[in-house]
Every structure is written in structure tokens, then in C-alpha cells.
Amino acid sequence: MRESTNHQARRTPLYDQHVEAGAKLIEFSGWELPVRYSGVVEEHRAVRERLGLFDVSHMGEFRVAGPGAESFLQGLTPNDVSALQVGRIHYTGLLTERGTYLDDLLVYRLGNQEFMLVVNAANIEKNFAWLKAHSIEGVELTDESNSFALLALQGPRAQEVLAELTGCDLSQVRYYGFVRDEVAGVPALISRTGY
């Protein structure tokens, strides 16, 4: 049974599959998202004992590139961005000049001068505006949130099931690491980032 939601709400690429599977949909940060299918306890047990797939495509993705990208992020986050190797990720915060948090986020180092930030859905516009307002020379900042679908596969069988859909050796993907490969024939960044 579906709850009526605001028809102006945005929908993830998997919206039709959620409806077909009988999801109860709610509005969250301007998105129409599934909150449950069969029941909270049953779904909790499924994830803890087997596997669960979460559509978190409402999250935001920003690309930060250019010769000033590392320095730019070093000045806005408390973690040492220069220590982040290509293929690694860290969990950090986006800070004001006074050191207070605007938001928490993940920083992916895609290349020597290229990063991807994964930010919370409720703060996409605010975070992007903050970054733009504090940008420095040599930085190209792009909001690519509409170009990504983001799925979180969790539970004890996650690696086993994902291995059936990719040629990637998932045992080589370290905690807070990622690889570029394909999942079910679709180009993907495959990361291991639960927290």
C-alpha cells in the first residue's frame, strides 16, 4: 500500500521497481523514497542475517578536479586529504571557517587531481553553494548528483551476491576503498564504506 506523497518530489531511477515491489513510499528531502516493504522487523532481520539492498540515489555527488583540488579540500575538511591515495575514501566533515560542521561526507580520491564528494541529500544545494563560494583558482567544481544512482548492499551475503554480478575480485576492495568496474554490465564505482 502506498502513501500519497507530494507529486513534485523527485524519484530515483529505481522508483518504478519500488512501486512494483509494494514499497511504502514517503517524502524525504524532496525525494519520494521507499521506507519499507514488508515490515521493519522482517527487513531488519533480512539485512542482519542475509542481505538487503538500499536505494540511496538521493545522495549528492560532487566532482572536484584540477591542480588546486587537493589544496581546496585540505582547507575545508579536517582529515588529511593529501594522505588519501587514489582508490581510497575517507569519511570526514565539511567545515566552516570557525571549524564547525556544515555536513558529514565521503571523499573519494579518483585521481591525482580529481575527487568525488558524496554528501547528504538534505544538504546538496547548501553544500554545493558553500563549496562554490569558497572555491580557489585551479579548481573545477561540478554537481553530478543527477548522473548517479547509488545503491548500498548490506549484510553477510553482500559480497557473495555482488560477486555474481561483477568480474571484479571483491576480496581486493579494502575497507574505505573502491574500484572502477561493471555491475550487471553497467559501469560502476564499487566501494566498501559502511559505517
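**View 1. Lining of the second largest pocket.** Among the 23 residues that line the second largest pocket, Pro34, Tyr37, Glu43, Leu53 and Phe54 lie nearest its centre. A pocket is an open set of points on a 1 Å grid over the protein atoms alone, where a 1.4 Å probe fits, with protein on both sides within 12 Å along at least five of seven lines; lining residues have an atom within 4 Å of a point. The model is predicted: local features need pLDDT of at least 70, side-chain atom pairs count only at pLDDT 80 or more, and totals for chains, interfaces and linings use all residues. Residues are numbered from 1 along each chain as its sequence is written, and side-chain values use heavy atoms, with hydrogens and water left out. H2 provides the largest share of this lining, five residues.

**View 2. Lining of the largest pocket.** The largest pocket has 48 lining residues, and nearest its centre lie Leu150, Leu151, Ala152, Leu153 and Ser191. With six residues, E12 gives the most to this lining.

**View 3. The largest nonpolar core.** Phe62, Val64, Leu73, Leu117 and Leu131 touch the most other members of this 21-residue core. Such a core is a set of buried Ala, Val, Leu, Ile, Met, Phe, Trp, Tyr and Cys residues joined through side-chain atoms within 4.5 Å, where buried means under 20% relative accessible area (1.4 Å probe, protein chains only). A second, separate core of nine residues includes Met59, Ile89, Leu110 and Val118.

**View 4. Surroundings of Leu131.** Beyond its neighbours within four places in sequence, Leu131 is in contact (heavy atoms within 4.5 Å) with Phe62, Phe72, Leu76, Leu94, Leu117 and Leu141.

How values were computed: Buried means under 20% relative accessible area, exposed over 50%, partly exposed in between (1.4 Å probe, protein chains only). Helices (H or I, at least four residues) and strands (E, at least two) are DSSP runs, numbered from the N terminus.
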